[in-house]
Amino acid sequence: MSLLTINNVKTFPKGGIHPADHKLSAGVPIKKLDPPAQVAIPLSQHIGAPATPVVEKREKVKVGQLIAKGNGFVSANIHATISGIVTKVDKVIDSTGYKRDAIIIKAGREGEEWADGIDLSDDLITEITLEREDIIKKIADAGIVGMGGATFPSHVKLSVPKGRTAEYLIINGVECEPYLTADHRLMLEKGAEIIVGARLLMRALGVEKAIIGIEKNKPDAIEKMAELTANEKGITVQPLKVQYPQGGEKQLIKAVLNREVPSGGLPIDVGVVVHNVGTAFAVYEAVQKNKPLVERVVTVTGKDVKNPSNFLVRIGTPVMQLIDAAGGIPEHTGKVVSGGPMMGKALNSLDVPVAKGTSGILLIPNEEAKRGEIKPCIRCTKCVQVCPMGLEPYLLMTLTQKEMYEEVEKEKTMDCIECGSCSFICPSDRPLLDYIRLGKRTVASLIRERNN
Amino acid sequence: MSQTILFTIGSITILGFLAAAILYFIASKFKVYEDPKIEEVENALPSTNCGGCGFPGCHAFAEACVNADDLSDLHCPVGGNETMQKVASLLGMEVEERAPYVAVVRCNGALEFRHKTTAYDGVPNCTIAHSLYGGDTDCQYGCLGFGECVDACNFEAMYMDEKTGLPVVIEDKCTACNACVTACPRDIMELRPKGRKNRRIFVACVSQDKGGAAKKACDVACTGCSKCEAECKYDAIVIENYLSYIDGEKCKLCRKCVPVCPTHAIHEINFPPRKERPEKKERREKPAKKVEVNTATIDNAPAVDVVKMAKKANEESVKKEDSDDKEVS
Amino acid sequence: MSTQFLTISPSPHIHSGESVNKLMYGVLIALAPALAVSFYVFGLGAVIVTLIAVLSCVFFEYILTKYLLHREPAITDGSAVITGVLLAFNVPSNLPWWIIIIGSLVAIGVGKISFGGLGNNPFNPALVGRVFLLISFPVQMTSWPLPLENAWQLADAATGATPLGLIKEGLSTGKPLSDLMQEVPSYVSLLLGNVGGSVGEVSALALIIGVIYMLWKKIITWHIPVAMLGTAFIFTGGLWLINPEKFADPVFHLLTGGLLLGAFFMATDYVTSPMTTKAMLIFGAGVGFITIVIREFGSYPEGVSFAILIMNGFVPLMNKYIKPKRFGVKKNG
């Protein structure tokens, strides 16, 4: 892969928006935060069934020790992220905005103690010794989920269903959300590890070809990854035009390979599996270093934040501690968002623990926190133009408001990826996505009812 | 001239007959036979098409009635026993009397008892807010106050009380059609037996938080203290997930549970005012009346000082929370 | 409570900053060059007509929204101003003031408010007003003042026909087209606007500047104007090739009358145009086709207004049946 191909930029053809970048923390190296005195580790940090605790109250745990076991196939293991004593399983508000079960661990007085067999050195181990099943098993054991924010258990994605074959692995380094820089920094600082992670994922999937997709607003990352992959067989870097929501699986596959995931289908239907760079890094650590998923990179940012930063933090750390480490909460903060501004969730408490899918903490000042007044639709067609899925948001909203759910289903509401481009662009400040989500949820339950 | 007129009349007449013939042919060819009883039954129904019977509209219900072997599973909640008797006599069947039901609001978390902790800025729609987060108070079970139940009501039997921010059921208009129950994303609305003399007792809370957390979020939450359970002689009260539930079928309306509730979460409706007992202790524990202010019986609720008491307690906690909030902003 | 809470709302948490006001004022800016030219050509009369139309439209919008729809009037959004300007652009600059006010009332009252206000009207309000006036006051609506020597004088009694009217009339008396073409102004005059006609339709160049601005600001997309003008060009071109003595050449058709004004500012009206690009192309082509049919074969010399209104009527149907290309759905199954 030569640097010349940087000029060969691709993107997805339909829809998309160009929100201001605001990558404030792009130049700030990842800083490792000290383990907190207490963590609350939610039992449900992934899509699927919540994990079942396997530790008792007052039990002593080491870092990396399994504390909750995945419940069924689509679920994920959860590990202690600090060493100390399990105080209780309690209800803690997490990023869903609801109180849900979490294991509370209080740090012990003596220093950190890691579980046996974890390699904590910085040495790069490139040699891959394990076979396909063993890699998937290790990934499952380590409790790795999609680190881009979707939090879908990775081992499920790697288990290609019968009758389908994977042809390509796409490593998602797009990070199209404004503000967030966690993946960007990770590629710059842990590029070599990510490549090994990609190799591991390729072996687990049995594919020969991998493509790393990176948007053009990260030229240093493109260069770095291109350099690293120069001598790697089968791995290439694909620069992409800056356009939101390119980080969405379906858009990324369309941009990179010009393949269209069928409506209602999965990437594997077109022979592709997509993993985030963060996931690739976690896979490297899990397989080569035996280290389960206990920490992740989180961007703490916002226009008024004193020191926008990228932190490597333990899962379960309260969000407030991260904000403090970035210079404290600015005056007139109106909204705290977990994730990016387009798809993140507004938090209703600052004690919410960092979870496996927390890619960033965004502090939005007061004057930008409130939505505009809802005005009548002037049918300017902007929502239709920006929808990357070829839907008609204005119509879906109206139909949902009128509770015409059969029509809503016919208009392909279930294809919506909830990227928020329609609400972003709407000149009348209409809450298009709010209603589309409502419609999706209702239609989903109607479909379930019908199938039963 | 006259020829033109004659020609016009003639051609129009022929056209008319032709059209009539076509209509007759189509009508007889595509006639759908329907049991005339269905129409009779449908005429006896209230034709509100509310779906409270579980069928999509009155016609479907009438069809079901005509096709049914017995009417025991079929009931029109809107028309009630009277209508069902009519339907039964039309079909030559028997039907049992059913106790009438009424919708109740199982949340008493008025604005004064349950202070806000966040500012919701989405669409004022209960389901959307519910799927987004626990709500703008610390209680993630209570009423969100956007009135989806009121919108769902076909009988104008509900309205939002602006003072409390809670929905109110107008007992006389409520037909127990179940629309509000399905509309509420938080399962706050419940259909309960209307009760003897329209009297009923229920727990006006659905919070499954532990006692302390529930009380902290809302002054009138059920904490699951099980005092009511101990008081009940008829095993009508069950505590599950830190929440008390009174079985409307088992409840004998003895009212013993009402005064023991430390948070006044148990509501009694349409009861005469309690006799004042001589013992001082009893007097102090009398407070339960307050709750009626927030239910359907606004008119006959006696003004009791409990309101003030609760308000005062709330103000104190609000002040305290104020100082807590400052850390955030 | 005085302290401030965290705001919670569903994603997205940022907004493009796009607003109805911005879009509407963008359209007004785009209309400014045409207004300036018409002031230069027709003098104060053009300004007075525009002013009366705008003020009466805003007034009716305010009154009717408040007392008929019982809603808070949103006159600041600029939509009523645009209706006023477009109405004025479609009438002669010497139109009596009371006719303009009647036109405004019909445009806002019948064309817009009766359907529920902004966003709900199926027909372009300005055109509803214009067509109403054209049918009710045919004499006043078709006596076009000639360009003035001095912009500061009010239009006097000197009136004449528009180039299109000239040709239509001439052809009906049996004159050959080549003779008639001698009488109409040169293409350069048509481009610059030194001809008789409605307030806003005289200068093609000014309208083109306006539409370039709108395309640059992404207020409109190219689909409707291109489809409309392209169809008109091809259609008239075909007719011209068949019989150049009966049918004028395509360039003449594009530059005269309200074709450009209609293509750029009226057919592209958000509310009354279709939602998908495919439908926009069909819509534009339909307007272009009907316009030329009316011009060449109908009894009116000009047909843009009617063509747009007719195609407006098809918009709901197009919205229902012409869907965008769904992602991941193959064509024909």
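Analyst: **The two domains of chain C**

Chain C is divided into domain 1 (20–141) and domain 2 (162–197 + 220–321), with bounds that come from an automatic or database domain assignment. The model is predicted, and local features need pLDDT of at least 70, side-chain atom pairs count only at pLDDT 80 or more, while totals for chains, interfaces and linings use all residues. Residues are numbered from 1 along each chain as its sequence is written, chains are lettered from A in the order in which they are written, and side-chain values use heavy atoms, with hydrogens and water left out.

The C-alpha centres of domain 1 of chain C and domain 2 of chain C lie 22 Å apart. Their contact (heavy atoms within 4.5 Å) takes 25 residues from domain 1 of chain C and 19 residues from domain 2 of chain C. Between the two domains of chain C, about 1,800 Å² is buried, and carbon and sulfur atoms give 73% of that area; buried area here is the accessible area (1.4 Å probe) that two parts lose on being put together, summed over both. On the side of domain 1 of chain C, the residues C:F123, C:N124 and C:L127 supply 24% of the area that this domain buries against domain 2 of chain C, more than any other three residues.

The helices α1 (20–42), α3 (79–89) and α5 (125–136) of chain C each supply at least two residues of the side of domain 1 that touches domain 2, helices being DSSP runs (H or I, at least four residues) numbered from the N terminus. That side of domain 1 of chain C divides into 19 nonpolar, 5 polar and 1 charged residues, where Ala, Val, Leu, Ile, Met, Phe, Trp, Tyr, Cys and Pro count as nonpolar, Asp, Glu, Lys and Arg as charged, and the others, Gly among them, as polar.

Chain C also meets chain A, where 40 residues of chain C are in contact with 64 residues of chain A.
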